[in-house]
Amino acid sequence: NRNQKTIFKYIVQEMQESNVLSNLDIYILTSVSIAIERVRTCEETINKALAEGDVSALENSALIRTKENYMKDFFRCCNELGLSPQSRAKFANINLQAAQQEVDPVLELISSE
């Protein structure tokens, strides 16, 4: 749906700089986008019920179980996409090393004299 597409595009945009995405990641990105949107829908349902004074939403085992299942999907996809804090630290290190290896044209000019 529209929300899932928006989430998908946002994730792709945010991950572009890391240069780790490939066409094979489309399926994982689709799954994580769906999971995020569905968790958000479950949360909205719970929040709406609570705002109306209906605490039974917190006891609705099907709703809670659905939310938990989509959260598991979300975390699994995050691991697959390298979005865990450890993976992001590795990407930052790789990007830093790549930036250090780039030749600065000014330094190159100075060193050639």
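Begin by selecting K67, a residue that counts as partly exposed because its relative accessibility is 23%. The model on display is a predicted one.

The side chains of K67 and E43 meet in a salt bridge, with 2.4 Å from N to O. K67 belongs to helix α3 and E43 to helix α2, so the pair ties together parts that are 24 residues apart in sequence. E43, with a relative accessible area of 26%, is likewise described as partly exposed. A search of the whole structure finds 1 salt bridge.

Two packed helices are described by the angle between their axes and the distance between the axes. For α2 and α3, the angle is about 150° and the axes lie 8 Å apart. The helices are therefore roughly antiparallel, an angle over 145 degrees being the criterion. The crossing of α2 past α3 is left-handed.

Proceed to the loop between α2 (26–51) and α3 (61–81), and select V55 there. Is V55 buried or exposed? Its relative accessibility is 51%, so V55 counts as exposed.

Finally, turn to the loop between α1 (2–15) and α2, where V20 is placed. V20 has a relative accessibility of 30% and therefore counts as partly exposed. Select G82 as well: V20 and G82 are 62 residues apart in sequence, while their C-alpha atoms are 8.7 Å apart in space.

Technical notes. Residues numbered from 1 in each chain as written. Predicted model: local features only at pLDDT ≥ 70, side-chain atom pairs only at ≥ 80, totals over all residues. Heavy atoms only, no water. Helix = DSSP H or I, 4+ residues; strand = E, 2+ residues; numbered from the N terminus. Buried < 20%, exposed > 50% of the residue type's maximum accessible area, 1.4 Å probe, protein only. Axes fitted to C-alpha atoms, helices over the stretch in contact; angles between N-to-C directions. Parallel < 35°, antiparallel > 145°, perpendicular 65-115°, else oblique. Left-handed = near helix turned anticlockwise from the far one by under 90°. Salt bridge = Lys/Arg side-chain N within 4 Å of Asp/Glu carboxyl O.
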